[in-house]
Amino acid sequence: MPFIKMKKKLTRKEAQTKIEELFARGRFSSDEVRKIKRIAMKFNIKLGENKNKFCKKCLLRLKGKTRVTKNYKIVKCASCGFLNRFKLNN
């Protein structure tokens with residue numbers, strides 16, 4: 001019977017540091033963001049302001065035209081054209 005390597009179980013603190021390291025690095029791919037979102041959902045970790053750093057549709061770094069209305073900040077993604085809306089705090 002071949003040796004099967006078991007996955008290492010992450011703790012909540014390790015998951016939190018892994019998420020912080022990715023966003024501190026600044027450059028990330030859509031696959032990395034997908035993994036980070038799954039880890040955050042698994043351990044019930046809030047992404048907070050980091051949620052505004054990537055497109056909700058294509059999960060790439062959010063760049064593009066920005067509009068600010070009375071209640072929302074709207075950023076049009078340069079790569080896919082999706083309108084990302086973020087509610088402004090009043």
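A patch of charge is made of residues with over 30% relative accessible area and no salt bridge, like charges being joined within 9 Å. The model described here is predicted. On its surface, seven named residues form a patch of positive charge: Arg 12, Lys 37, Lys 46, Lys 51, Lys 56, Arg 67 and Arg 85.

**Surface charge**
- Lys 37, one of the residues in the positive patch, lies in helix α2, which spans residues 30-43.
- The relative accessible area of Lys 37 is 30%, so Lys 37 is partly exposed.

- Ile 45 sits in the loop between α2 and β1, the latter covering residues 64-68.
- Ile 45 is buried because its relative accessible area is 8%, and buried means under 20%.
- Although Ile 45 and Gln 16 are 29 residues apart along the chain, their C-alpha atoms are separated by 7.2 Å.
- Beyond its neighbours within four places in sequence, Ile 45 is in contact with Arg 12, Ala 15, Gln 16, Ile 19 and Ala 40.
- Among these contacts, Arg 12 also belongs to the positive patch.

**Salt bridges**
- The whole structure contains two salt bridges.
- One of them joins Arg 25 to Glu 32, with 2.9 Å between the closest N and O atoms.
- Arg 25 is partly exposed at 48% relative accessibility, and Glu 32 is partly exposed at 27%.
- Another salt bridge links the side chains of Arg 34 and Asp 31, at 3.1 Å from N to O.
- Arg 34 and Asp 31 are three residues apart in helix α2, so about one helical turn separates them.
- Arg 34 is partly exposed at 43% relative accessibility, as is Asp 31 at 44%.

Notes: Residues numbered from 1 in each chain as written. Predicted model: local features only at pLDDT ≥ 70, side-chain atom pairs only at ≥ 80, totals over all residues. Heavy atoms only, no water. Patch = residues over 30% accessible without salt bridge, like charges linked within 9 Å, V, L, I, M, F, W, Y side chains within 5 Å. Areas by Shrake-Rupley, 256 points an atom, 1.4 Å probe, with all protein chains shown as cover. Salt bridge = Lys/Arg side-chain N within 4 Å of Asp/Glu carboxyl O. Lys, Arg positive; Asp, Glu negative; His and termini not counted. Charge placed at Lys NZ, Arg CZ, Asp CG, Glu CD. Helix = DSSP H or I, 4+ residues; strand = E, 2+ residues; numbered from the N terminus. Buried < 20%, exposed > 50% of the residue type's maximum accessible area, 1.4 Å probe, protein only. Contact = heavy atoms within 4.5 Å.
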